[in-house]
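Reader: I would like to go through this model with you and ask, term by term, what stands behind each label. Could you set the values against the definitions as we go?

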Amino acid sequence: MGDTATRSDDRTKDHGLKRVIGPALLFFFILGDMLGGGIYALVGEVAGEVGGAVWSAFIGAFVLAALTAFAYAELVTKYPRAAGSALYVNLAFKNPFVTFVVAFVVMASGITSAAALAIGFAGDYFSEFISAPVTLVALLFLVVVALVNSYGIGESVKANAVFTVIEVSGLILIVVIGVAALGDGGGGDYDFARNFEWSGDGSPLVLALGGAALAFYALIGFEDSVNVAEEVRNPSRAYPIALFGGLVTAAIVYLLVTMAASTVVPVEQLAESGDLLAVVENGPLDISTRLFSGIALFALANGALINMIMASRLVYGMAEEGIVPSIFSSTLPGRQTPWVAILFTTALAFVLVFTGQESVGLLASVTVMLLLAVFIMVNVACLMLRSDEVDHDHFTAPTFVPVLGALVSAGLITQNEGAVFLRAGILVVVGVVLWFVTKATTDVSGDIDVTNLGD
């Protein structure tokens, strides 16, 4: 890709967003989105699915994520504008209803992710400080998130880089504990060989793929980076490097963390605990469980807040465009935050927590299913837009990769249980009802200006 052609990406119209994000900050933004609460809350859940070879599920999830990342890399460098998945689907299908459904599913995935993180927040980590019912704490946590969201959030990618360092520090602690366990001569129940033990319920490949569907939750977030496309300097060059660099770095971190976890904690105990706190408790180092729990709570809270901000702003943006009832565009006097959209998204999160059986894994699976449906559409859109020429160089994925990405995403969706399909289906139905209610009262037959969604 030539420098002359890509310089056109840096030109910003007077009314556009300022391009201030360089490759390094974009890398931290992507890495921070992926290294969130998922890994803190899901290691034990995946161990219950796979056995001691937890790493195999996370590496499988990395490969699956990388397939769709190729499509995103092509589309975001070809169309370096905000709105992400909805923009690409809108350009490819030119159907307002299809565009709306994709935007609503992205919004719903944010809510289910926040609900999963709320349950993770209320579990063992919170119990290190206060013992209280998980559901009650999760609901109160969502109320606090809603209040902060309503007050107004002025986050920047620089702050995100700081948050990433804090979250990564906890994961580094886990790796250090694993290394110390390997050299420990005190007779602890530490065994690196557990990393190559799969449960007896199937072949290693089948188990790894089944676990990958759940582990995939810990790698989602890379797709959010396309929403800052208009604020990235020279996106045609910066995005592929930052995107794939972030994915590879996250995969390496997860590989080390999961191997450390299986080395330090017997599989049954890790599966029963569900999170990384068991590694700190069983490890040979005298690390405060409260210190680690505090770091984990920060990671979970930050992830939930970011997801709820995204979800509420998407609902607000859709209301502004007249594709959901206009009441959702109401803002709080003085704060100018979308309070009705925040109430709506928080109410949905409440329902998910109430019906989530206090299971991070269940709601994480719903999140993954919703995003996999979006990934199918994005991969198809990538292929449909191949004939659309633009006036600058851009990344181009090998044709077979989006095809494989769509097929694999569809295959993973089929691996979910009925409870996951039910919750995902209900959320989609809620969106469809909103569409038809709005259609009956306003004109939504024209094109949707997806560039304003989430603003």
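Reader: Which helices each supply at least two residues of the lining of the second largest pocket?

Author: They are α3 (37-50), α10 (204-215) and α16 (360-384), with α10 giving the largest share, six residues. Helices here are DSSP runs (H or I, at least four residues; strands are E, at least two), numbered from the N terminus. This is a predicted model, in which local features need pLDDT of at least 70 and side-chain atom pairs count only at pLDDT 80 or more, while totals for chains, interfaces and linings use all residues. Residues are numbered from 1 along each chain as its sequence is written, and side-chain values use heavy atoms, with hydrogens and water left out.

Reader: What makes a space a pocket, and what counts as its lining?

Author: On a 1 Å grid over the protein atoms alone, a pocket is an open set of points with protein on both sides within 12 Å along at least five of seven lines, and lining residues have an atom within 4 Å of a point. The second largest pocket has a volume of about 420 Å³, the volume being the space filled by probe spheres set on points joined across faces, edges and corners. Its lining has 18 residues, and those closest to its centre are Glu49, Gly210, Leu214, Ser365 and Gln415.

Reader: How do the residues of that lining divide into nonpolar, polar and charged?

Author: There are seven nonpolar, eight polar and three charged. Ala, Val, Leu, Ile, Met, Phe, Trp, Tyr, Cys and Pro count as nonpolar, Asp, Glu, Lys and Arg as charged, and the others, Gly among them, as polar.

Reader: Why is Glu74 called buried?

Author: Buried means under 20% relative accessible area, exposed over 50%, and partly exposed in between (1.4 Å probe, protein chains only). Glu74 has 1% relative accessibility, so Glu74 counts as buried. This residue is in helix α4 (residues 54-78). Leaving out residues up to four places away in sequence, Glu74 touches Cys382, Arg386, His394, Phe395, Thr396 and Ala397, where contact means heavy atoms within 4.5 Å.

Reader: And Ser329, buried or exposed?

Author: Ser329 comes out at 18% relative accessibility, so Ser329 counts as buried. Ser329 lies in the loop between α14 (289-320) and α15, and its contacts beyond four places in sequence are Tyr316, Ala319 and Glu320.

Reader: Why is Val165 called exposed?

Author: Val165 has 52% relative accessibility, so Val165 counts as exposed. Its place is in helix α9 (residues 157-182).

Reader: What makes a set of residues a nonpolar core?

Author: The members are buried Ala, Val, Leu, Ile, Met, Phe, Trp, Tyr and Cys residues joined through side-chain atoms within 4.5 Å. The largest such core has 151 residues, and Tyr40, Tyr88, Tyr125, Phe216, Phe222 and Leu276 touch the most other members.

Reader: How many helices and strands does the chain have?

Author: The chain has 18 helices and zero strands, and 56% of its 455 residues count as buried.

Note on methods
On a 1 Å grid over the protein atoms alone, a cavity is a set of points where a 1.4 Å probe fits but cannot get out, and a pocket is an open set with protein on both sides within 12 Å along at least five of seven lines; lining residues have an atom within 4 Å of a point.
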